[in-house]
Protein chains: 2
Amino acid sequence: MAKSTSKEAISAEEKIKAAARKVFTQKGYAATRTRDIVEEAGLNIALLNYYFRSKEKLFEIIMLEKMQEFFGIIIPFLHDETTTLDKKIEQITNRYIDMLLQNPDMPIFVLSEIRNNNGLFKKIQVGKILQSSHFVRQLKEKQPGVQPLHFIASMLGMIIFPFVSKPVFKSAGVLNEHGFATMMEERKKLLPKWIKAMLGTK
Amino acid sequence: MAKSTSKEAISAEEKIKAAARKVFTQKGYAATRTRDIVEEAGLNIALLNYYFRSKEKLFEIIMLEKMQEFFGIIIPFLHDETTTLDKKIEQITNRYIDMLLQNPDMPIFVLSEIRNNNGLFKKIQVGKILQSSHFVRQLKEKQPGVQPLHFIASMLGMIIFPFVSKPVFKSAGVLNEHGFATMMEERKKLLPKWIKAMLGTK
DNA sequence: AAATAATTTAATCAAATGATTAAAATATTT
DNA sequence: AAATATTTTAATCATTTGATTAAATTATTT
């Protein structure tokens with residue numbers, strides 16, 4: 001062992017990981033070259049293989065991390081037995097939008113990498129967690145005639161889709177970076193109102 | 001000139017294009033090898049370069065085609081001055097879902113390739129078309145206090161997001177292929193009702 | 001301080017991949 | 001049918017790219 005990280009020194013390993021987070025999420029696995037990553041980190045290409053063995057192993061680490069963030073963030077709210085359905089909707093909307101504003105590339109990265117490679121994703125038990133949640137029970141109770149998945153897909157769609165389509169709106173000249181942030185702040189208020197209106201329909 | 005396409009003979013050029021459509025939309029530009037495409041077409045690798053000069057040029061052709069489909073399909077409805085707002089919502093929802101059921105890989109393909117390369121997308125004037133549309137005027141009239149983009153992002157999110165997240169729900173065991181199709185058929189009824197409810201909130 | 005262990009570098013390798021070439025096969029025109 | 005043009009193939013090239021190696025450097029232990 002070397003490098004006592006006593007002060008502020010960031011280890012080469014951590015620099016590579018940080019660079020990998022950035023480059024992988026921006027360009028995706030296939031379009032990323034190991035050389036892009038080490039260049040971003042200001043380091044040597046052999047170090048990547050020294051610390052992580054291969055591009056694929058490094059990717060798995062980053063991907064698992066990102067999936068945990070992407071799916072994990074709402075789990076506590078889903079299971080909270082002390083909150084009303086309306087409260088959960090507000091919490092999930094707010095919390096998710098805040099997190100994605102910090103990680104705007106995350107959704108399209110996670111979703112398109114899962115398309116390319118289900119294997120990693122299956123390690124995370126999203127399906128069971130979701131279906132056994134208090135949130136789903138509350139949705140069923142409120143609208144027994146409609147599959148809860150419809151509401152969930154709609155809610156997540158309204159939250160996540162703007163991030164996925166941001167490049168489209170930007171290069172179409174409909175939105176700039178600042179306009180997007182403003183829009184997402186407004187959505188924290190709008191979406192709960194709209195989702196409640198949806199749940200109120202017969 | 002050779003190959004008179006008098007009967008059913010599909011030209012090599014068209015076989016390659018068809019294969020390219022399939023492989024590019026399934027795996028994306030970077031993860032696609034020219035060898036994948038010609039193999040899918042049952043042809044020789046030199047033919048791809050003979051007819052299309054390069055992987056990139058072939059990709060541009062496919063990408064422009066897909067963007068036209070992805071964005072173009074709703075344009076006639078957006079501009080129809082004879083229909084009510086509610087009618088437009090029904091038409092767009094129905095038409096879009098039907099088209100995407102035929103092309104389920106299209107959204108994630110188009111959206112992630114635009115992220116990687118704005119250049120091509122800018123050739124299509126989506127921004128201006130949208131903002132000058134009858135649909136947007138009707139949205140403004142109905143809810144002057146809310147930017148039309150909020151409604152559009154929500155509507156498109158509810159339509160498109162299920163396709164983008166289909167691999168997630170499938171490998172999470174929440175949905176199989178048939179369940180997904182059923183769900184999307186149900187959504188043709190549900191979404192217009194929900195969008196109208198959103199537009200009805202104060 | 002010497003010996004040992006860990007980290008970093010420059011140089012290189014092997015495989016994958018987009019592209020080309022020259023010849024063969026097929027179709028079209030004269 | 002001969003001449004010409006087009007299409008297809010097998011073989012090969014050049015570059016890119018993930019990975020390795022052996023030596024140099026730096027840190028840690030004895």
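Predicted model: local features only at pLDDT ≥ 70, side-chain atom pairs only at ≥ 80, totals over all residues.
I began with Tyr96(A): leaving aside neighbours within four places in sequence, Tyr96(A) is in contact with Phe70(A), Ile73(A), Ile74(A), Leu156(A), Ile159(A) and Ile160(A). Contact here means heavy atoms within 4.5 Å.

Residues are numbered from 1 along each chain as its sequence is written, chains are lettered from A in the order in which they are written, and side-chain values use heavy atoms, with hydrogens and water left out.

Next I looked up the core. The largest nonpolar core has 138 residues, and Tyr96(A) and Tyr96(B) touch the most other members. Such a core is a set of buried Ala, Val, Leu, Ile, Met, Phe, Trp, Tyr and Cys residues joined through side-chain atoms within 4.5 Å; buried means under 20% relative accessible area (1.4 Å probe, protein chains only).

Then I turned to the domains. Chain A has domain 1 (10–53) and domain 2 (63–200), with bounds from an automatic or database domain assignment. Their C-alpha centres lie 29 Å apart. I found 7 residues of domain 1 of chain A in contact with 5 residues of domain 2 of chain A.

Last, I checked for charge pairing. The rule finds 1 salt bridge across this interface, taking a side-chain nitrogen of Lys or Arg within 4 Å of a carboxyl oxygen of Asp or Glu. Glu65(A) and Arg21(A) meet through their side chains in a salt bridge, at 2.6 Å, N to O.

Methods. Buried < 20%, exposed > 50% of the residue type's maximum accessible area, 1.4 Å probe, protein only.
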